[in-house]
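Take a look at the chain below.

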Amino acid sequence: MNFLSLFVFIPLVMLLGLWLARGIKGVRAVMVAGSTALLALSVWLTYTFLCDRAAGADAEMLYTASFSWFEPLHIEYSVGVDGISVAMLLLSAIIVFTGTFASWQLKPLTKEYFLWFTLLSLGVFGFFISVDMFAMFMFYEVALIPMYLLIGVWGSGRKEYAAMKLTLMLMGGSAFLMCGIFGIFYGAGGATMNILDIAHHTGGAHPIAVEQQMLWFPLTFIGFGVLGALFPFHTWSPDGHASAPTAVSMLHAGVLMKLGGYGCFRIAMFLMPQAANELGWIFLILTGISVVYGAFSACVQTDLKYINAYSSVSHCGLVLFAILMMNTTACTGAVLQMLSHGLMTALFFALIGMIYGRTHTRDIRELSGLMRIMPFLAVCYVIAGLANLGLPGLSGFIAEMTIFVGSFQNADTFHRVLTIAACTSIVITAVYILRLVGKILYGTCQNEHHKQLTDATWDERFAVICLIAAVAGLGMAPLWVSHLIEGGVAPIIESIGHAASNSNPFM
(Lines give C-alpha, C1' and ligand atoms only; values in the text may rest on other atoms or scores of the structure.)
Protein backbone atom coordinates (compact mmCIF):
# COMPACT_ATOMS: atom_id res chain seq x y z
CA MET A 1 0.00 0.00 0.00
CA ASN A 2 1.33 3.43 -0.93
CA PHE A 3 2.07 5.30 2.30
CA LEU A 4 -0.05 8.29 1.18
CA SER A 5 -3.08 6.03 1.55
CA LEU A 6 -2.39 6.09 5.30
CA PHE A 7 -4.09 9.50 5.27
CA VAL A 8 -7.28 7.63 4.36
CA PHE A 9 -6.54 4.40 6.23
CA ILE A 10 -5.93 6.06 9.62
CA PRO A 11 -9.33 7.86 9.66
CA LEU A 12 -10.98 4.57 8.64
CA VAL A 13 -9.31 2.85 11.62
CA MET A 14 -10.41 5.77 13.80
CA LEU A 15 -14.01 5.26 12.66
CA LEU A 16 -13.81 1.59 13.62
CA GLY A 17 -12.19 2.46 16.95
CA LEU A 18 -14.85 5.05 17.74
CA TRP A 19 -17.61 2.58 16.90
CA LEU A 20 -16.09 0.02 19.30
CA ALA A 21 -15.16 2.54 22.01
CA ARG A 22 -16.98 2.40 25.32
CA GLY A 23 -17.37 5.57 27.33
CA ILE A 24 -16.15 9.08 26.76
CA LYS A 25 -12.59 8.22 27.84
CA GLY A 26 -12.38 5.58 25.13
CA VAL A 27 -13.67 8.00 22.52
CA ARG A 28 -11.13 10.62 23.56
CA ALA A 29 -8.30 8.06 23.50
CA VAL A 30 -9.16 7.03 19.93
CA MET A 31 -9.35 10.64 18.76
CA VAL A 32 -6.07 11.65 20.41
CA ALA A 33 -4.24 8.60 19.06
CA GLY A 34 -5.64 9.00 15.55
CA SER A 35 -5.17 12.77 15.26
CA THR A 36 -1.64 12.49 16.67
CA ALA A 37 -0.81 9.79 14.12
CA LEU A 38 -2.13 11.99 11.29
CA LEU A 39 -0.12 14.97 12.53
CA ALA A 40 3.04 12.90 12.86
CA LEU A 41 2.52 11.44 9.38
CA SER A 42 2.01 14.89 7.84
CA VAL A 43 5.13 16.29 9.56
CA TRP A 44 7.18 13.30 8.39
CA LEU A 45 5.80 13.68 4.85
CA THR A 46 6.72 17.38 4.82
CA TYR A 47 10.27 16.66 5.98
CA THR A 48 10.69 13.77 3.52
CA PHE A 49 9.29 15.80 0.65
CA LEU A 50 11.67 18.70 1.31
CA CYS A 51 14.62 16.33 1.57
CA ASP A 52 13.73 14.56 -1.69
CA ARG A 53 13.33 17.87 -3.50
CA ALA A 54 16.67 19.06 -2.15
CA ALA A 55 18.24 15.80 -3.33
CA GLY A 56 17.11 16.53 -6.88
CA ALA A 57 13.80 14.71 -7.24
CA ASP A 58 12.27 16.48 -10.21
CA ALA A 59 9.00 14.63 -10.78
CA GLU A 60 6.02 16.95 -10.77
CA MET A 61 4.33 14.80 -8.14
CA LEU A 62 6.13 12.44 -5.79
CA TYR A 63 5.11 9.15 -4.18
CA THR A 64 2.54 8.43 -6.91
CA ALA A 65 0.60 5.18 -7.12
CA SER A 66 -2.44 4.09 -9.08
CA PHE A 67 -4.73 1.14 -9.66
CA SER A 68 -7.90 0.74 -11.69
CA TRP A 69 -11.10 1.40 -9.76
CA PHE A 70 -13.85 1.42 -12.43
CA GLU A 71 -12.55 0.49 -15.85
CA PRO A 72 -15.58 1.48 -18.04
CA LEU A 73 -15.05 5.18 -17.16
CA HIS A 74 -11.28 4.84 -16.66
CA ILE A 75 -11.62 5.83 -13.02
CA GLU A 76 -8.54 5.08 -10.96
CA TYR A 77 -7.50 5.38 -7.36
CA SER A 78 -4.50 7.58 -8.09
CA VAL A 79 -2.53 9.33 -5.36
CA GLY A 80 0.45 11.66 -5.37
CA VAL A 81 1.55 14.91 -3.80
CA ASP A 82 3.36 18.08 -4.75
CA GLY A 83 4.31 20.93 -2.45
CA ILE A 84 0.80 22.40 -2.44
CA SER A 85 -0.75 19.07 -1.46
CA VAL A 86 1.81 18.52 1.30
CA ALA A 87 1.12 21.99 2.73
CA MET A 88 -2.64 21.34 2.74
CA LEU A 89 -2.20 17.94 4.39
CA LEU A 90 -0.08 19.53 7.13
CA LEU A 91 -2.70 22.25 7.66
CA SER A 92 -5.49 19.67 7.84
CA ALA A 93 -3.62 17.52 10.35
CA ILE A 94 -2.90 20.50 12.62
CA ILE A 95 -6.54 21.54 12.68
CA VAL A 96 -7.89 18.01 13.22
CA PHE A 97 -5.43 17.59 16.08
CA THR A 98 -6.26 20.91 17.77
CA GLY A 99 -9.97 20.49 17.00
CA THR A 100 -9.94 17.26 18.99
CA PHE A 101 -8.81 19.10 22.12
CA ALA A 102 -11.15 22.03 21.42
CA SER A 103 -14.02 19.49 21.55
CA TRP A 104 -12.72 17.74 24.67
CA GLN A 105 -15.72 18.70 26.83
CA LEU A 106 -18.38 18.33 24.11
CA LYS A 107 -21.64 16.70 25.18
CA PRO A 108 -24.06 15.05 24.44
CA LEU A 109 -23.58 12.26 21.86
CA THR A 110 -19.81 12.59 22.02
CA LYS A 111 -19.13 9.35 20.13
CA GLU A 112 -21.53 10.21 17.31
CA TYR A 113 -20.07 13.70 17.01
CA PHE A 114 -16.52 12.42 16.61
CA LEU A 115 -17.65 9.76 14.13
CA TRP A 116 -18.98 12.43 11.78
CA PHE A 117 -16.02 14.70 12.51
CA THR A 118 -13.62 11.89 11.53
CA LEU A 119 -15.59 11.13 8.36
CA LEU A 120 -15.29 14.80 7.41
CA SER A 121 -11.54 14.58 8.04
CA LEU A 122 -11.28 11.47 5.88
CA GLY A 123 -12.85 13.30 2.94
CA VAL A 124 -10.47 16.23 3.32
CA PHE A 125 -7.32 14.09 3.44
CA GLY A 126 -8.49 11.92 0.55
CA PHE A 127 -9.17 14.98 -1.57
CA PHE A 128 -5.68 16.42 -1.14
CA ILE A 129 -3.85 13.19 -2.03
CA SER A 130 -5.99 12.35 -5.08
CA VAL A 131 -4.72 12.81 -8.63
CA ASP A 132 -7.78 11.33 -10.35
CA MET A 133 -10.60 13.84 -10.89
CA PHE A 134 -13.39 11.43 -9.99
CA ALA A 135 -11.63 10.30 -6.81
CA MET A 136 -11.20 13.97 -5.87
CA PHE A 137 -14.89 14.56 -6.47
CA MET A 138 -15.85 11.52 -4.38
CA PHE A 139 -13.74 12.61 -1.41
CA TYR A 140 -15.07 16.16 -1.90
CA GLU A 141 -18.61 14.84 -1.39
CA VAL A 142 -17.55 12.72 1.59
CA ALA A 143 -16.22 15.91 3.21
CA LEU A 144 -19.42 17.86 2.55
CA ILE A 145 -22.12 15.42 3.65
CA PRO A 146 -21.20 15.21 7.41
CA MET A 147 -21.56 19.00 7.70
CA TYR A 148 -25.35 18.72 7.61
CA LEU A 149 -25.55 16.57 10.75
CA LEU A 150 -22.65 18.21 12.56
CA ILE A 151 -24.38 21.58 12.30
CA GLY A 152 -28.00 20.39 12.48
CA VAL A 153 -27.50 18.25 15.61
CA TRP A 154 -24.61 19.84 17.53
CA GLY A 155 -24.86 23.42 16.31
CA SER A 156 -26.48 26.46 17.91
CA GLY A 157 -28.85 29.24 16.91
CA ARG A 158 -30.74 28.64 13.65
CA LYS A 159 -28.86 25.41 13.17
CA GLU A 160 -31.45 23.52 11.09
CA TYR A 161 -31.82 26.43 8.68
CA ALA A 162 -28.05 26.92 8.45
CA ALA A 163 -27.39 23.21 7.90
CA MET A 164 -30.01 22.96 5.15
CA LYS A 165 -28.85 26.16 3.43
CA LEU A 166 -25.22 25.08 3.50
CA THR A 167 -25.98 21.60 2.20
CA LEU A 168 -28.24 22.72 -0.63
CA MET A 169 -25.87 25.44 -1.87
CA LEU A 170 -22.81 23.22 -1.73
CA MET A 171 -24.68 20.39 -3.44
CA GLY A 172 -25.71 22.86 -6.12
CA GLY A 173 -22.04 23.69 -6.59
CA SER A 174 -21.30 19.95 -6.74
CA ALA A 175 -23.77 19.59 -9.62
CA PHE A 176 -21.87 22.23 -11.59
CA LEU A 177 -18.61 20.54 -10.64
CA MET A 178 -19.72 17.10 -11.77
CA CYS A 179 -20.77 18.49 -15.16
CA GLY A 180 -17.40 20.22 -15.47
CA ILE A 181 -15.41 17.12 -14.56
CA PHE A 182 -17.20 14.87 -17.05
CA GLY A 183 -16.95 17.63 -19.64
CA ILE A 184 -13.17 17.68 -19.15
CA PHE A 185 -13.06 13.86 -19.30
CA TYR A 186 -14.90 13.56 -22.60
CA GLY A 187 -13.33 16.73 -24.00
CA ALA A 188 -9.89 15.19 -23.42
CA GLY A 189 -10.85 12.07 -25.36
CA GLY A 190 -12.52 9.99 -22.65
CA ALA A 191 -9.38 7.95 -22.01
CA THR A 192 -8.39 9.03 -18.49
CA MET A 193 -9.46 11.09 -15.51
CA ASN A 194 -5.90 11.45 -14.26
CA ILE A 195 -5.08 15.15 -13.94
CA LEU A 196 -1.42 14.77 -14.88
CA ASP A 197 -2.18 12.63 -17.94
CA ILE A 198 -4.66 15.20 -19.25
CA ALA A 199 -2.41 18.18 -18.51
CA HIS A 200 0.64 16.62 -20.17
CA HIS A 201 -1.05 15.18 -23.21
CA THR A 202 1.67 14.55 -25.79
CA GLY A 203 -0.42 14.82 -28.93
CA GLY A 204 0.73 18.37 -29.71
CA ALA A 205 -2.31 20.61 -29.28
CA HIS A 206 -4.11 20.82 -25.94
CA PRO A 207 -6.39 17.77 -25.62
CA ILE A 208 -9.44 19.90 -24.77
CA ALA A 209 -10.60 22.18 -27.57
CA VAL A 210 -10.85 25.86 -26.68
CA GLU A 211 -14.59 25.87 -27.42
CA GLN A 212 -15.13 23.12 -24.86
CA GLN A 213 -12.84 24.78 -22.34
CA MET A 214 -14.98 27.91 -22.57
CA LEU A 215 -17.98 25.80 -21.58
CA TRP A 216 -16.48 23.64 -18.82
CA PHE A 217 -14.19 26.20 -17.18
CA PRO A 218 -17.03 28.36 -15.74
CA LEU A 219 -18.87 25.28 -14.45
CA THR A 220 -15.76 23.88 -12.78
CA PHE A 221 -14.61 27.20 -11.33
CA ILE A 222 -18.07 28.03 -9.98
CA GLY A 223 -18.47 24.49 -8.64
CA PHE A 224 -15.32 24.78 -6.56
CA GLY A 225 -15.80 28.52 -6.05
CA VAL A 226 -19.06 27.98 -4.14
CA LEU A 227 -17.03 26.28 -1.41
CA GLY A 228 -14.36 28.98 -1.70
CA ALA A 229 -16.94 31.72 -0.93
CA LEU A 230 -17.01 33.13 -4.46
CA PHE A 231 -19.40 36.08 -4.76
CA PRO A 232 -22.43 35.82 -5.08
CA PHE A 233 -22.42 32.15 -4.01
CA HIS A 234 -21.01 32.85 -0.55
CA THR A 235 -24.23 33.33 1.42
CA TRP A 236 -24.16 29.84 2.95
CA SER A 237 -20.86 30.55 4.67
CA PRO A 238 -21.78 33.05 7.43
CA ASP A 239 -24.86 31.09 8.53
CA GLY A 240 -22.97 27.79 8.45
CA HIS A 241 -20.03 29.13 10.46
CA ALA A 242 -22.25 30.88 12.99
CA SER A 243 -24.28 27.74 13.76
CA ALA A 244 -21.52 25.10 13.68
CA PRO A 245 -19.95 23.74 16.88
CA THR A 246 -16.44 24.97 17.65
CA ALA A 247 -14.26 22.23 16.14
CA VAL A 248 -16.50 21.97 13.08
CA SER A 249 -16.16 25.72 12.50
CA MET A 250 -12.40 25.29 12.84
CA LEU A 251 -12.26 22.47 10.29
CA HIS A 252 -14.88 24.02 8.02
CA ALA A 253 -13.31 27.47 7.71
CA GLY A 254 -9.74 26.31 8.25
CA VAL A 255 -9.64 23.40 5.80
CA LEU A 256 -12.92 22.66 4.01
CA MET A 257 -13.12 26.06 2.33
CA LYS A 258 -9.57 25.48 1.06
CA LEU A 259 -10.88 22.62 -1.06
CA GLY A 260 -12.49 25.31 -3.21
CA GLY A 261 -9.30 27.26 -3.90
CA TYR A 262 -7.24 24.09 -4.31
CA GLY A 263 -9.74 22.63 -6.79
CA CYS A 264 -9.92 25.84 -8.84
CA PHE A 265 -6.14 25.88 -9.08
CA ARG A 266 -5.56 22.16 -9.62
CA ILE A 267 -8.37 21.41 -12.08
CA ALA A 268 -9.98 24.54 -13.57
CA MET A 269 -6.80 26.57 -14.13
CA PHE A 270 -4.40 23.69 -14.78
CA LEU A 271 -6.52 21.70 -17.24
CA MET A 272 -8.21 24.58 -19.07
CA PRO A 273 -5.55 27.29 -19.41
CA GLN A 274 -6.92 28.93 -22.58
CA ALA A 275 -10.34 29.41 -21.01
CA ALA A 276 -8.68 30.70 -17.83
CA ASN A 277 -6.96 33.39 -19.86
CA GLU A 278 -10.11 34.26 -21.79
CA LEU A 279 -12.62 34.24 -18.93
CA GLY A 280 -10.43 34.84 -15.87
CA TRP A 281 -11.16 38.57 -15.80
CA ILE A 282 -14.86 37.90 -15.09
CA PHE A 283 -14.09 35.81 -12.03
CA LEU A 284 -11.36 38.25 -11.01
CA ILE A 285 -14.03 40.95 -10.65
CA LEU A 286 -16.25 38.59 -8.61
CA THR A 287 -13.40 37.63 -6.29
CA GLY A 288 -12.47 41.30 -5.88
CA ILE A 289 -16.03 41.94 -4.75
CA SER A 290 -15.76 39.04 -2.27
CA VAL A 291 -12.60 40.55 -0.75
CA VAL A 292 -14.02 44.02 -0.17
CA TYR A 293 -17.64 43.04 0.47
CA GLY A 294 -16.66 40.43 3.08
CA ALA A 295 -14.52 42.96 4.96
CA PHE A 296 -17.25 45.62 4.94
CA SER A 297 -19.87 43.09 6.05
CA ALA A 298 -17.71 42.04 8.99
CA CYS A 299 -17.64 45.67 10.16
CA VAL A 300 -21.41 45.82 10.73
CA GLN A 301 -21.89 42.48 12.50
CA THR A 302 -22.46 42.15 16.23
CA ASP A 303 -22.12 38.35 16.53
CA LEU A 304 -18.55 37.14 17.06
CA LYS A 305 -18.97 34.19 14.73
CA TYR A 306 -20.59 36.25 12.00
CA ILE A 307 -17.70 38.70 12.17
CA ASN A 308 -15.20 35.91 11.67
CA ALA A 309 -17.39 34.26 9.01
CA TYR A 310 -17.51 37.39 6.85
CA SER A 311 -13.82 37.88 7.49
CA SER A 312 -13.33 34.37 6.05
CA VAL A 313 -15.30 35.37 2.94
CA SER A 314 -12.86 38.24 2.45
CA HIS A 315 -9.71 36.21 3.08
CA CYS A 316 -10.81 33.21 1.01
CA GLY A 317 -11.71 35.67 -1.76
CA LEU A 318 -8.05 36.73 -1.70
CA VAL A 319 -7.06 33.13 -2.48
CA LEU A 320 -9.14 32.99 -5.66
CA PHE A 321 -8.15 36.58 -6.49
CA ALA A 322 -4.45 35.65 -6.38
CA ILE A 323 -4.92 32.46 -8.38
CA LEU A 324 -6.59 34.42 -11.18
CA MET A 325 -3.62 36.78 -11.40
CA MET A 326 -1.82 33.85 -13.07
CA ASN A 327 1.77 34.59 -12.06
CA THR A 328 4.10 32.66 -9.80
CA THR A 329 4.36 35.24 -7.01
CA ALA A 330 0.61 35.77 -6.66
CA CYS A 331 -0.15 32.04 -6.80
CA THR A 332 2.52 31.34 -4.18
CA GLY A 333 0.77 33.97 -2.06
CA ALA A 334 -2.54 32.18 -2.65
CA VAL A 335 -1.17 28.96 -1.13
CA LEU A 336 0.41 30.90 1.74
CA GLN A 337 -2.97 32.57 2.31
CA MET A 338 -4.70 29.20 2.41
CA LEU A 339 -2.27 28.10 5.12
CA SER A 340 -2.39 31.39 7.00
CA HIS A 341 -6.15 31.80 6.92
CA GLY A 342 -6.67 28.16 7.85
CA LEU A 343 -4.59 28.57 11.00
CA MET A 344 -5.91 32.05 11.90
CA THR A 345 -9.57 31.26 11.45
CA ALA A 346 -9.23 27.97 13.35
CA LEU A 347 -7.67 29.94 16.20
CA PHE A 348 -10.43 32.54 16.07
CA PHE A 349 -13.26 30.00 16.07
CA ALA A 350 -11.62 28.02 18.88
CA LEU A 351 -11.39 31.16 21.04
CA ILE A 352 -14.93 32.25 20.17
CA GLY A 353 -16.23 28.81 21.14
CA MET A 354 -14.38 28.97 24.46
CA ILE A 355 -15.72 32.44 25.22
CA TYR A 356 -19.26 31.45 24.23
CA GLY A 357 -19.08 28.31 26.36
CA ARG A 358 -18.52 30.52 29.41
CA THR A 359 -20.59 33.63 28.70
CA HIS A 360 -23.37 31.94 26.65
CA THR A 361 -23.44 34.90 24.30
CA ARG A 362 -21.62 35.94 21.15
CA ASP A 363 -23.16 39.40 21.00
CA ILE A 364 -20.36 41.95 21.32
CA ARG A 365 -22.83 44.43 22.85
CA GLU A 366 -23.11 42.15 25.88
CA LEU A 367 -19.38 41.51 26.31
CA SER A 368 -16.76 43.75 27.90
CA GLY A 369 -13.84 43.62 30.30
CA LEU A 370 -12.88 40.02 29.48
CA MET A 371 -9.16 40.79 29.81
CA ARG A 372 -9.42 40.85 33.61
CA ILE A 373 -11.77 37.87 33.80
CA MET A 374 -10.06 35.43 31.43
CA PRO A 375 -6.64 36.92 30.62
CA PHE A 376 -5.25 33.88 28.78
CA LEU A 377 -8.12 33.71 26.29
CA ALA A 378 -8.12 37.50 25.92
CA VAL A 379 -4.40 37.69 25.10
CA CYS A 380 -4.76 34.85 22.61
CA TYR A 381 -7.68 36.67 21.00
CA VAL A 382 -5.51 39.78 20.59
CA ILE A 383 -2.82 37.66 18.90
CA ALA A 384 -5.40 36.15 16.55
CA GLY A 385 -6.71 39.63 15.74
CA LEU A 386 -3.24 40.97 15.00
CA ALA A 387 -2.56 38.03 12.69
CA ASN A 388 -5.86 38.68 10.91
CA LEU A 389 -5.07 42.34 10.24
CA GLY A 390 -1.59 41.49 8.94
CA LEU A 391 0.88 42.30 11.72
CA PRO A 392 4.48 41.63 10.55
CA GLY A 393 5.88 38.52 12.19
CA LEU A 394 2.59 36.64 11.97
CA SER A 395 1.26 34.57 9.08
CA GLY A 396 -1.26 37.06 7.72
CA PHE A 397 1.38 39.62 6.79
CA ILE A 398 3.58 37.41 4.62
CA ALA A 399 0.61 35.84 2.83
CA GLU A 400 -1.18 39.09 1.96
CA MET A 401 2.00 40.93 1.01
CA THR A 402 2.96 38.13 -1.39
CA ILE A 403 -0.49 38.25 -2.96
CA PHE A 404 -0.53 42.02 -3.46
CA VAL A 405 3.06 42.20 -4.72
CA GLY A 406 2.35 39.40 -7.18
CA SER A 407 -0.95 40.94 -8.27
CA PHE A 408 0.71 44.29 -8.95
CA GLN A 409 3.22 42.59 -11.24
CA ASN A 410 0.55 42.49 -13.93
CA ALA A 411 1.44 45.80 -15.53
CA ASP A 412 -1.93 46.82 -16.92
CA THR A 413 -4.57 49.20 -15.62
CA PHE A 414 -7.30 46.58 -15.14
CA HIS A 415 -5.28 44.32 -12.84
CA ARG A 416 -3.66 47.15 -10.92
CA VAL A 417 -6.95 48.93 -10.24
CA LEU A 418 -8.42 45.67 -8.91
CA THR A 419 -5.31 45.12 -6.80
CA ILE A 420 -5.57 48.57 -5.25
CA ALA A 421 -9.27 47.99 -4.55
CA ALA A 422 -8.47 44.68 -2.89
CA CYS A 423 -5.78 46.34 -0.78
CA THR A 424 -8.48 48.44 0.89
CA SER A 425 -9.56 45.28 2.69
CA ILE A 426 -6.43 45.60 4.86
CA VAL A 427 -7.65 48.90 6.28
CA ILE A 428 -11.22 47.66 6.70
CA THR A 429 -9.96 44.55 8.49
CA ALA A 430 -7.97 46.70 10.90
CA VAL A 431 -11.13 48.71 11.66
CA TYR A 432 -13.31 45.80 12.71
CA ILE A 433 -10.55 43.87 14.48
CA LEU A 434 -9.42 46.83 16.62
CA ARG A 435 -13.02 47.83 17.34
CA LEU A 436 -13.82 44.27 18.36
CA VAL A 437 -10.80 43.84 20.61
CA GLY A 438 -11.41 47.17 22.31
CA LYS A 439 -15.10 46.44 22.84
CA ILE A 440 -15.03 42.93 24.32
CA LEU A 441 -11.66 42.74 26.06
CA TYR A 442 -11.16 46.13 27.65
CA GLY A 443 -13.31 48.42 29.73
CA THR A 444 -15.37 47.38 32.74
CA CYS A 445 -17.47 44.23 32.83
CA GLN A 446 -21.12 45.15 33.50
CA ASN A 447 -22.46 41.60 33.78
CA GLU A 448 -22.20 40.19 37.31
CA HIS A 449 -22.39 36.60 36.02
CA HIS A 450 -19.42 37.16 33.72
CA LYS A 451 -17.29 38.35 36.65
CA GLN A 452 -17.46 34.85 38.14
CA LEU A 453 -16.19 33.06 35.02
CA THR A 454 -12.97 31.05 34.82
CA ASP A 455 -10.14 31.11 32.30
CA ALA A 456 -9.17 28.37 29.83
CA THR A 457 -8.75 24.75 30.92
CA TRP A 458 -5.64 22.69 30.09
CA ASP A 459 -7.11 21.14 26.95
CA GLU A 460 -8.21 24.53 25.63
CA ARG A 461 -4.82 26.07 26.39
CA PHE A 462 -3.04 23.24 24.59
CA ALA A 463 -5.14 23.61 21.42
CA VAL A 464 -4.76 27.39 21.35
CA ILE A 465 -1.01 27.37 22.00
CA CYS A 466 -0.47 24.88 19.15
CA LEU A 467 -2.35 27.13 16.72
CA ILE A 468 -0.55 30.30 17.88
CA ALA A 469 2.80 28.54 17.48
CA ALA A 470 1.86 27.59 13.91
CA VAL A 471 0.69 31.13 13.07
CA ALA A 472 3.88 32.66 14.48
CA GLY A 473 6.08 29.99 12.90
CA LEU A 474 4.67 30.62 9.43
CA GLY A 475 4.98 34.38 9.90
CA MET A 476 8.58 34.39 11.12
CA ALA A 477 9.96 31.55 8.97
CA PRO A 478 8.00 31.52 5.71
CA LEU A 479 10.93 30.63 3.43
CA TRP A 480 10.70 26.87 3.96
CA VAL A 481 7.00 26.97 3.07
CA SER A 482 7.83 28.95 -0.07
CA HIS A 483 10.40 26.31 -1.05
CA LEU A 484 7.85 23.61 -0.31
CA ILE A 485 5.13 24.95 -2.60
CA GLU A 486 7.15 26.53 -5.43
CA GLY A 487 7.54 23.21 -7.25
CA GLY A 488 3.77 22.75 -7.23
CA VAL A 489 2.95 26.26 -8.44
CA ALA A 490 5.43 26.36 -11.34
CA PRO A 491 3.91 23.64 -13.57
CA ILE A 492 0.43 25.14 -13.28
CA ILE A 493 1.65 28.62 -14.18
CA GLU A 494 3.62 27.13 -17.05
CA SER A 495 0.50 25.35 -18.26
CA ILE A 496 -1.52 28.55 -18.22
CA GLY A 497 1.16 30.06 -20.46
CA HIS A 498 1.71 33.78 -20.76
CA ALA A 499 1.61 33.54 -24.54
CA ALA A 500 -2.05 32.54 -24.46
CA SER A 501 -2.85 35.71 -22.49
CA ASN A 502 -2.41 37.79 -25.62
CA SER A 503 -5.97 36.93 -26.57
CA ASN A 504 -7.27 38.55 -23.37
CA PRO A 505 -7.79 42.32 -23.82
CA PHE A 506 -7.15 42.96 -20.14
CA MET A 507 -3.72 41.25 -19.97
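**Pockets, core and a buried residue**

The lining of the second largest pocket is made up of twelve nonpolar residues, one polar residue and no charged ones. This is a predicted model. The pocket in question holds about 210 Å³ of space. It is lined by 13 residues, and Leu 90, Ile 94, Leu 343, Ala 470 and Trp 480 are the closest to its centre. Helix H3 (83–102), H14, H19 and helix H20 (479–496) each give two or more residues to this lining.

Now turn to the largest pocket. Its volume is about 570 Å³. The lining has 27 residues, with Leu 106, Thr 246, Gly 353, Tyr 356 and Gly 357 nearest the centre. Four helices each supply at least two residues of it: H5 (133–154), H10 (246–256), H14 (328–359) and H19 (458–476). Which helix gives the largest share of this lining? It is H14, with five residues.

The largest nonpolar core has 194 residues. H14 gives the most to this core, 18 residues. Inside the core, Phe 217, Phe 221, Met 269 and Tyr 381 have the most contacts. Follow one of them. Beyond its neighbours within four places in sequence, Phe 221 touches Leu 230, Cys 264, Ala 268, Met 269, Phe 283, Leu 320 and Leu 324. In soluble globular proteins, nonpolar side chains tend to be buried together.

Next, find Ile 433. It sits in helix H18, which covers residues 413–441. Is Ile 433 buried or exposed? Its relative accessible area is 3%, so Ile 433 is buried, the cut-off for buried being under 20%. Which residues does Ile 433 contact, leaving aside neighbours within four places in sequence? They are Phe 348, Gly 385, Asn 388 and Leu 389. For a sense of scale, compare Ile 433 with Met 14. The two are 419 residues apart along the chain, and 38 Å separates their C-alpha atoms.

Last, check the confidence. The protein chain averages a pLDDT of 86, and 96% of the residues score at least 70. One stretch calls for care. Over residues 498–507, pLDDT stays under 50. For that stretch the model has 17 contacts beyond four places in sequence.

How values were computed: Residues numbered from 1 in each chain as written. Predicted model: local features only at pLDDT ≥ 70, side-chain atom pairs only at ≥ 80, totals over all residues. Heavy atoms only, no water. 1 Å grid on protein atoms, 1.4 Å probe; cavity = no way out; pocket = protein on both sides within 12 Å on 5 of 7 lines; lining within 4 Å. Points joined across faces, edges and corners; volume = space filled by probe spheres on them. Nonpolar A, V, L, I, M, F, W, Y, C, P; charged D, E, K, R; others polar. Core = buried A, V, L, I, M, F, W, Y, C linked by side-chain atoms within 4.5 Å. Buried < 20%, exposed > 50% of the residue type's maximum accessible area, 1.4 Å probe, protein only. Contact = heavy atoms within 4.5 Å. pLDDT = per-residue confidence, 0-100.
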